[in-house]
Amino acid sequence: MKWLALSTLLVAAWGARTDAQQVNEYTLSWRDPATHLYDVSLTFATEGRDSVDLQLPVWRPGRYVRQSYAANVQEFSAHKGGDALAFRKSGISTWRVSTGGASRVTVRYRYYANTMDAGASVLSAGEAYFNPVNLFVYPEGQIERPLRLTIEAPRTWKIATALVPADKPDVFSAPDYHTLADSPTIVSPTLESLQFTVDDVPYTLWFQGRFEPGAYRERIEPDVEKIVRLQTGIFGGAPFDEYFFLFHLLPYPFGHAVEHANSSSYAIQDNAFESDANYAGFLSIVAHEFFHAWNVKRIRPAALWPYDYTREQLTGLHWFTEGVTSYYEALTLRRTGLEPVETFLGNMGQQIDALQKTPGRSVVPASLASWDSWLSGYGQGNPNISVNFYGKGAILGFLLDARIRDLTDGARSLDDLMRHLFETSFKQGRGVPEDGVRLAAEAVTGSSFADFFARYVDGTEELPYDDVLGPFGLQVRAAPDPTRPEATLRVRTRPGGERPVVVSIDPDSPALTAGLDTGDEIVAVNGTLAPAGGWEALLADSKPGDEVRLTVLRRDQVLEMEIEAAGGGNVRWTLERRAETDARQDRLFDGWLGAAGEAPATAGRRLERAAPRAATG
């Protein structure tokens with residue numbers, strides 16, 4: 001019996017030792033925050049190999065464009081005990097370490113972190129914020145290996161992260177590198193938090209920065225809870241055991257947010273709780289990122305399953321993962337009663353107006369814009385041959401929902417399509433194929449969507465607003481905007497200090513023919529100095545066909561141009577209910593966007609949303 005007991009203990013001890021050998025150990029620390037340099041170390045098993053490549057990701061999920069994280073790495077070294085090991089760069093973001101026969105090797109380096117946005121990393125005297133995907137290398141072939149992360153922070157600092165605490169307050173564990181990479185973390189002495197629980201799942205909102213909610217203090221938890229209940233209800237519950245909202249509240253205009261499987265990270269201005277409009281913007285971006293916990297983090301394109309951080313993963317479905325999420329952002333606020341139907345229709349009308357004024361809509365399909373996100377850099381390139389897959393995707397989601405509801409007489413909706421994808425992709429351990437959204441629409445309706453997808457998702461035909469929205473008593477129309485002059489030069493500008501700067505010119509613009517170029521600064525219109533913003537008001541006395549005298553500054557030259565004004569500058573596309581509707585239109589509309597479509601027990605305060613909303617991804 002004694003021998004058996006001793007044998008059992010030896011086997012258990014050996015098993016624990018073997019398990020420890022298979023765990024990759026990360027440590028994050030810092031010396032002088034003013035340098036913005038993190039100290040990173042990783043100890044890993046070499047598995048008997050003569051050399052091992054260490055890989056740093058070249059992109060991050062949520063932002064489908066190559067990044068330059070490796071440019072921030074310095075003072076890289078490798079060690080076996082106290083002895084230095086040879087290494088060399090084997091690629092732009094890889095380091096090859098000669099193991100020297102060691103069973104475990106430690107690499108150390110410093111990482112420069114001085115970018116504040118939701119997807120980046122920063123180190124300052126007041127906080128350490130990091131996205132692990134930015135700064136932690138992983139050994140080739142060991143991406144699925146379990147790991148531990150030790151954060152060596154001052155004892156009085158709090159840590160906000162979705163990573164699971166291990167045996168010490170500053171030690172966290174993860175089953176694989178994917179989980180680590182997906183867990184942004186704030187470490188700070190000034191973190192504040194709010195908590196609530198929905199269906200036994202705890203939710204924590206962490207705030208870093210000036211958190212002075214004032215009159216909104218009592219609204220935040222119940223309103224975010226409404227969003228959580230509505231969206232988890234669509235899928236029959238939460239797909240996680242705990243969830244964290246990480247907010248950076250910044251003292252300047254800014255807006256950015258990134259989704260993660262069990263958390264979401266935000267960098268927004270600290271005036272979010274100073275007006276109803278700003279607060280509605282806060283709720284809006286929460287609704288967007290939280291819905292991503294399903295759409296893209298779990299209902300994920302097959303091209304992104306699993307994540308490969310070493311290369312582009314191309315898919316034509318970003319219009320769905322991002323755009324349809326934007327649609328559900330608006331729909332969630334409507335269905336919870338946090339926004340009135342007029343606000344929903346007004347915001348969707350703004351999306352339609354923006355699309356209809358985008359020249360690229362007739363050139364680039366939504367699926368191609370998704371595919372080429374890696375090329376465009378989210379706005380780089382020729383603006384006349386691009387389309388925003390967030391905005392057009394939101395409209396496509398709106399139209400898909402309408403089509404499904406019409407075909408099934410209100411019995412099915414886009415919710416059913418989302419549930420179908422969740423059951424047939426994520427729960428089956430696989431991603432959504434490129435034709436998966438179309439197939440899901442056909443599965444829940446029993447009708448073909450081949451023509452819809454060919455013409456409007458993979459094609460560039462004008463969207464069928466009246467055909468799809470008519471059964472709900474809705475219409476899209478071009479209405480005159482009394483706040484804008486009819487005459488226009490069909491150019492877009494941004495404030496550039498004292499003067500507006502031309503950023504794009506429509507292909508059919510008379511200004512293009514006259515010689516106006518991007519980068520030109522507009523100095524005067526018809527002899528009147530042009531303000532940095534709102535210069536188009538100077539066209540109020542002109543009519544379409546009139547000659548407009550434009551004075552521009554191009555580098556060191558002052559140029560005079562005579563441009564024939566075009567018309568349509570006061571056209572605004574709107575989404576609105578028809579004056580007369582029948583019983584079926586009223587029933588379908590009410591079940592979708594009216595009182596019948598609201599979640600119960602959420603009626604009450606209505607909010608007008610600030611615009612524009614913070615960017616995501």
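Predicted model: local features only at pLDDT ≥ 70, side-chain atom pairs only at ≥ 80, totals over all residues.

User: Fine. How many salt bridges does the structure hold?

Analyst: It holds 40 salt bridges. One of them joins the side chains of E75 and R110, with N to O at 3.8 Å.

User: Where do E75 and R110 lie?

Analyst: E75 is in strand β4 (residues 73–80) and R110 is in strand β8 (residues 104–112), so the pair ties together parts 35 residues apart in sequence. R110 is buried, at 12% relative accessible area.

User: What about D170 and R155, how are they paired?

Analyst: Their side chains meet in a salt bridge, 3.7 Å from N to O. D170 sits in the loop between β14 (164–165) and β15 (171–174), while R155 is in the loop between β12 (147–151) and β13 (158–161), so this pair ties together parts that are 15 residues apart in sequence.

User: What does E461 form with R455?

Analyst: A salt bridge, with the closest N and O atoms 3.0 Å apart. E461 counts as partly exposed at 40% relative accessibility, and R455 is partly exposed too, at 30%.

User: Switching to another arginine. Where is R145 found?

Analyst: R145 is in the loop between β11 (138–139) and β12. It's buried, with a relative accessible area of 12%.

User: Which side chains does it make polar contacts with?

Analyst: Q22 and E47 are among them. The R145 side chain meets the Q22 side chain at 3.1 Å, and a 2.5 Å polar contact joins the side chains of R145 and E47. Leaving out residues up to four places away in sequence, R145 touches Q22, N24, A45, E47, P175, D176 and Y177.

User: OK, helices now. Why would you call α12 largely enclosed?

Analyst: Helix α12 covers residues 436–445, and seven of its ten residues are buried, so the rest of the structure largely encloses it. The buried ones are G436, V437, A440, A441, E442, V444 and T445.

User: What do those buried residues pack against?

Analyst: They pack against α6 (318–335), α10 (389–407), α11 (414–424) and α13 (450–457).

User: And what comes just after α12?

Analyst: G446, which takes a positive phi of about 75 degrees.

User: Last topic, confidence. What's the mean pLDDT of the chain?

Analyst: The mean is 93, and 93% of the residues reach 70 or more.

User: Where does pLDDT stay under 50?

Analyst: Residues 1–18 are one such stretch, and there the model has zero contacts beyond four places in sequence. Residues 600–613 also stay under 50, but for them the model has 47 contacts beyond four places in sequence.

Notes:
Residues numbered from 1 in each chain as written. Heavy atoms only, no water. Salt bridge = Lys/Arg side-chain N within 4 Å of Asp/Glu carboxyl O. Helix = DSSP H or I, 4+ residues; strand = E, 2+ residues; numbered from the N terminus. Buried < 20%, exposed > 50% of the residue type's maximum accessible area, 1.4 Å probe, protein only. pLDDT = per-residue confidence, 0-100. Contact = heavy atoms within 4.5 Å. Polar contact = N/O pair within 3.5 Å; in protein donor to acceptor, adjacent residues only side chain to side chain.
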